[in-house]
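Subject: Structure handover

Hello,

Here is the structure I said I would pass on. My notes on it follow below the display.

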Amino acid sequence: MCIALLACSSPEPVGRFGEYGDHAQRLVLDSGDTLKVLRVKLWTFKDGASPALQLEYAATEEAIDSSHAFAFAQEIWPAFAPYVQAVEVRNAIITATVLHVRRAPLVQSSLMQHFGIVLTQNSNGYWHFRGHPDSLPPLGVSTRQRLTSRNGVPLSPKEFAAMILAESDSA
């Protein structure tokens with residue numbers, strides 16, 4: 001009986017910072033394409049470094065090639081930036097994650113590949129990819145709901161900021 005219960009369960013893969021479940025979070029890009037969001041996390045650092053908001057999304061194999069990842073991050077940034085600005089941080093991370101999961105009765109294996117890009121806001125308010133001096137195009141203030149909650153409800157940047165800050169306070 002115990003074996004039957006184990007065979008029916010399908011635990012989600014666990015990465016270094018938690019479980020990768022089948023989250024319903026999505027981010028809608030300007031192109032109309034939709035990304036599956038694996039995680040949005042506010043990082044705070046004990047060494048006093050400025051906090052960062054991370055968007056980790058499910059990517060294809062080519063997305064973890066650095067040139068492709070930078071090009072795609074430029075497409076993602078206008079949709080993610082209003083949420084970063086609402087949380088009022090000066091650092092952001094866009095992470096492409098390729099997650100391979102193989103399941104068989106009683107056994108599961110997973111392989112994860114990641115490529116992260118750090119964005120920083122300079123003292124003039126312009127954003128750029130860390131290590132790249134060129135600024136990204138200026139962003140307007142947006143209230144457009146591009147990110148959904150885990151239950152699929154669209155979130156405004158202001159609603160998202162309240163939610164993520166409450167989560168980080170309770171952690």
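Helices, as the word is used here, are DSSP runs of H or I with at least four residues, numbered from the N terminus. By that rule Phe160 belongs to helix 3, which covers residues 157–170. Please keep in mind that this is a predicted model.

First, the overall layout. There are three helices and 10 strands in the protein, and along the sequence they follow the pattern α-β-β-β-β-β-α-β-β-β-β-β-α. Of the 171 residues, 36% are buried. Among contacts with a separation of 6 or more, 55% are between residues 24 or more positions apart. The exposed surface comes to about 10,000 Å², with carbon and sulfur atoms supplying 55% of it.

Next, helix 2. It runs over residues 66–87. A straight helix of 22 residues would span 32 Å, but helix 2 spans only 27 Å between its end C-alpha atoms. Helix 2 also bends by about 50° at Trp77, and a proline, Pro78, follows within four residues. The buried residues of helix 2 include Ala69, Phe72, Ile76, Trp77, Phe80, Tyr83 and Val87. Just after the helix, Glu88 has a positive phi of about 65°.

Val87, in helix 2, has a relative accessibility of 7%; the limit for buried is under 20%, so Val87 counts as buried. Setting aside residues up to four places away in sequence, Val87 touches Leu42, Leu53, Phe160, Ala161, Ile164 and Leu165.

Phe160 gives the view from helix 3. Its relative accessible area is 1%, and Phe160 is buried. Apart from neighbours within four places in sequence, Phe160 is in contact with Val40, Leu53, Tyr83, Val87, Leu147 and Leu155. Phe160 and Ala86 are 74 residues apart in sequence, while their C-alpha atoms are 7.9 Å apart.

Then the aromatic rings. The whole structure contains six aromatic pairs. One of them is formed by Trp77 and Trp127, a tilted pair at 5.0 Å centre to centre with 55° between the planes. Trp77 lies in helix 2 and Trp127 in strand 8 (residues 127–129), so this pair ties together parts that are 50 residues apart in sequence. Both Trp77 and Trp127 are buried. Ring pairs also link Phe70, Phe115 and Phe129 into a cluster. A charge and a ring come together at Lys41, whose charged end sits over the ring of Trp43, 4.6 Å from the ring centre.

Last, a loop residue. Pro51 is in the loop between strand 4 (34–43) and strand 5 (52–58). Is Pro51 buried or partly exposed? At 33% relative accessibility, Pro51 counts as partly exposed. Leaving out residues up to four places away in sequence, Pro51 touches Leu42, Trp43, Thr44, Phe45, Val89, Arg90 and Asn91.

Regards

Key. Residues numbered from 1 in each chain as written. Predicted model: local features only at pLDDT ≥ 70, side-chain atom pairs only at ≥ 80, totals over all residues. Heavy atoms only, no water. Helix = DSSP H or I, 4+ residues; strand = E, 2+ residues; numbered from the N terminus. Buried < 20%, exposed > 50% of the residue type's maximum accessible area, 1.4 Å probe, protein only. Contact = heavy atoms within 4.5 Å. Areas by Shrake-Rupley, 256 points an atom, 1.4 Å probe, with all protein chains shown as cover. Expected span 1.5 Å × (residues − 1). Bend = angle between axes of the 7 residues up to and from the residue. Phe/Tyr/Trp six-rings, centres within 6.5 Å; stacked < 30°, edge-to-face > 60°. Lys NZ or Arg CZ within 6 Å of the ring centre and 35° of its normal.
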